[in-house]
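Subject: Structure handover

Hi,

Here is the structure for you to look over. My notes follow below it.

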Amino acid sequence: MKEYITYIYNEKPPWDSVPKADISCFQWESAEKYRPEAYAKMCFVRNSGVYALVMCKEVAPRTQCKSLNDRIYEDSCLEVFLSFGSEGYINIETNSEGVWLSEFGDRRADRRLLSEITNTVPTVTPIRDGAYWGNEIFFPNELFSELYPDFQGVAEGNYRGNFYKCGDLTEIPHYGSFSPMGNWELGFHDPEHFAYFTVKEETE
């Protein structure tokens with residue numbers, strides 16, 4: 001399992017100053033491989049929440065899903081999984097138009113749509129930059145407080161999660177991750193293979 005080191009800031013920093021995690025581990029491939037360039041960044045902002053940036057180099061991403069909580073993983077999809085405790089983890093899956101699916105639970109089975117649990121949901125802002133597409137995702141502290149009873153605000157510590165690029169119904173299905181995953185049956189929903197997210201205080 002890989003480690004991603006990031007920082008707590010007093011306000012949202014420029015993305016150029018935030019460490020990058022390359023989404024470059026591809027698994028469960030067929031004979032025809034497709035490995036688009038993709039990466040993620042994440043930062044914690046005191047008294048605010050967690051920001052994530054996910055980006056991919058694709059000129060014509062598949063974008064068929066138009067509704068909240070649709071089957072986004074069938075499109076060209078960028079995903080963030082994040083856990084603050086043993087109660088479970090959040091997954092959010094996004095396409096190039098900023099349409100998203102998000103759930104919460106402790107495993108692949110029995111997950112619940114986030115929108116069914118709380119009215120406090122992430123904010124997803126689509127980005128286009130030449131051949132790159134992506135999304136900026138904001139998870140407010142209030143969301144974590146509702147999901148994790150012991151959450152006291154973003155703080156230094158060791159958390160778990162992962163970043164993904166996939167597309168079940170794209171021309172060539174593909175399954176990329178930051179930290180490599182395990183068996184196909186569990187897919188990306190395999191917490192034992194999540195990366196370690198180490199969060200430190202900003203030093204500059």
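Which residue in S4 is the bridge partner of Ile8? It is Phe44.

Some ground rules. This is a predicted model, where local features need pLDDT of at least 70, side-chain atom pairs count only at pLDDT 80 or more, and totals for chains, interfaces and linings use all residues. Residues are numbered from 1 along each chain as its sequence is written, and side-chain values use heavy atoms, with hydrogens and water left out.

Strands. S1 (residues 3-9) pairs in the parallel sense with S4 (residues 38-45) over 2 bridges. S1 also pairs in the parallel sense with S14 (residues 195-201), over 6 bridges. In S14, Ile8 has Glu201 as its bridge partner. Strands are DSSP runs of E, at least two residues, numbered from the N terminus; two strands pair if DSSP finds at least two bridges between them.

Glu136. This residue lies in strand S11 (residues 132-140). Glu136 is buried, at 17% relative accessible area (buried means under 20%, exposed over 50%, partly exposed in between; 1.4 Å probe, protein chains only). Among the residues Glu136 touches are Lys12, Trp15 and Tyr51 (contact means heavy atoms within 4.5 Å).

Rings. The structure holds 25 aromatic pairs (Phe, Tyr or Trp rings, the six-membered one for Trp, with centres within 6.5 Å; stacked under 30 degrees between planes, edge-to-face over 60, tilted for the rest). Tyr164 and Phe188 are stacked, 3.8 Å centre to centre and 15 degrees between planes. Both Tyr164 and Phe188 are buried. Tyr175 and Trp184 are edge-to-face, because their planes stand at 75 degrees with centres 5.3 Å apart.

Best wishes

How values were computed:
Helix = DSSP H or I, 4+ residues; strand = E, 2+ residues; numbered from the N terminus. Lists of a residue's contacts leave out its neighbours within four places in sequence.
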